[in-house]
Amino acid sequence: MAENQEVEVDDEDIDLSALPDDELVEQMHDDLYDGLREEIVEGTNILLERGWSPEKVLADALVEGMRIVGIDFRDGILFVPEVLLSANAMKGGMGILRPLLVETGAKPVGKMIIGTVKGDIHDIGKNLVSMMMEGAGFEVVDLGINNPVENYLEAIEEHRPDIVGMSALLTTTMPYMKVVIDTMKEQGIRDNYIVLVGGAPLNEEFGEAIGADAYCRDAAMAVETARKLVDAKQAADG
Ligand code: B1M
């Protein structure tokens, strides 16, 4: 009987703080899969208390967990409501990491507006990019999701950024990035800004084809590319 009781222990009964790091990370992947926000928040805090860097918690526990969710979503094992819960759990962890990732004390090295394009409501990747850019010392204006071209133009006018960033996660929405770039061209403002694009279905060829300055594979690449291009722009502007 005692043995059965042990076998039947469910997730609620697991003491996360008693698990060694590797098992805790695995448990967090399961909890992310099950959309358990409180557990993700707790696990994130435990790893930080154990001396993990925010970057490592983000990459190993959260992003990797979300990658697994993505595979089962693709394969029809998970459906939209479940993935929404996973996304919500992920955001719980990101909420803790965000201030830690951005508190580098660096002075602003440039300004970026960023938004997910029209028709697309995916924002986890975009939010990660925003966080990492802020952490690298950029000022970021986040336009949120489902942005028509007008939103980008208004934000450009209002904030005068160095960089215009766009995110798209759907093959059906990625062409909209070209609409934004073409409209900037029509208005004669394209060359005043660095245009960076990203999102899982994109690649370098697509970035080039639509006239972006660069495609960024992930948030780290976005930071690296932004730094490089802003440095070059500032040098060119004297
Ligand atoms: Co959606 N979804 N989804 N989804 N979803 C994908 C994208 C999909 C690949 C799943 C699949 O089939 N395997 C698939 C797209 C297929 C395709 O177009 N070829 C898909 C689909 C089909 C859909 C719906 C149509 C499903 C439906 O309704 N039947 C629907 C569309 C809704 C809409 O947008 N109109 C839909 C809905 C949803 C949810 C709402 C349930 C949820 C989003 C919740 C949210 O974001 N708040 C969701 C999720 C979570 C996913 C998956 C599972 C995970 C996306 C994610 O957050 N990844 C995704 C599968 C997958 O990608 N594996 C999937 C983690 C994130 C850290 O990575 O976003 O790639 P990513 O961002 C990276 C880089 O790409 C890059 O840096 C980030 C960090 O390193 N990056 C940038 C991203 N943006 C950047 C911008 C930059 C630079 C770099 O600017 C400078």
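In which helix is asparagine 127 found? Asparagine 127 is found in helix 6. The legends below describe this residue and its surroundings in a predicted model.

**View 1. Asparagine 127 and the residues it touches in the predicted model.** Asparagine 127 belongs to helix 6. Its relative accessible area is 15%, and since buried means under 20%, asparagine 127 is therefore buried. Leaving aside residues up to four places away in sequence, asparagine 127 touches Lys91, Met94 and Asp142.

**View 2. The contact of helix 4 with helix 5.** The axes of these two helices come within 11 Å and cross at roughly 170°. Angles over 145 degrees count as roughly antiparallel, and helix 4 and helix 5 are therefore roughly antiparallel to each other. On the side of helix 4, the contact is made by Pro54, Glu55, Val57, Leu58, Leu62, Val63, Met66, Val69 and Phe73. Helix 5 contributes Val80, Val83, Ser86, Ala87, Met90, Gly93, Met94, Leu97, Leu100 and Leu101. By class, this contact has 16 nonpolar, two polar and one charged residues.

**View 3. The largest pocket and its lining.** This pocket has a volume of about 1500 Å³. It is lined by 47 residues, and those closest to its centre are Met66, Ile124, Gly125, Leu169 and Ala200. Several elements each supply at least two residues of the lining: helix 4 (54–74), helix 5 (80–102), strand 1 (110–117), helix 6 (124–135), strand 3 (163–167), strand 4 (194–198) and helix 10 (219–236). The largest share of this lining, 12 residues, comes from helix 4. The lining is made up of 30 nonpolar, eight polar and nine charged residues.

**View 4. The second largest pocket and its lining.** About 200 Å³ of space lies in this pocket. Its lining consists of 13 residues, and Glu204, Ala214, Tyr215, Cys216 and Thr225 lie nearest its centre. Two or more lining residues come from each of helix 9 (204–210), strand 5 (214–216) and helix 10. Helix 10 provides the largest share of the lining of the second largest pocket, with four residues. By class, the residues lining this pocket divide into five nonpolar, two polar and six charged.

Technical notes: Residues numbered from 1 in each chain as written. Predicted model: local features only at pLDDT ≥ 70, side-chain atom pairs only at ≥ 80, totals over all residues. Heavy atoms only, no water. 1 Å grid on protein atoms, 1.4 Å probe; cavity = no way out; pocket = protein on both sides within 12 Å on 5 of 7 lines; lining within 4 Å. Points joined across faces, edges and corners; volume = space filled by probe spheres on them. Nonpolar A, V, L, I, M, F, W, Y, C, P; charged D, E, K, R; others polar. Buried < 20%, exposed > 50% of the residue type's maximum accessible area, 1.4 Å probe, protein only. Contact = heavy atoms within 4.5 Å. Axes fitted to C-alpha atoms, helices over the stretch in contact; angles between N-to-C directions. Parallel < 35°, antiparallel > 145°, perpendicular 65-115°, else oblique.
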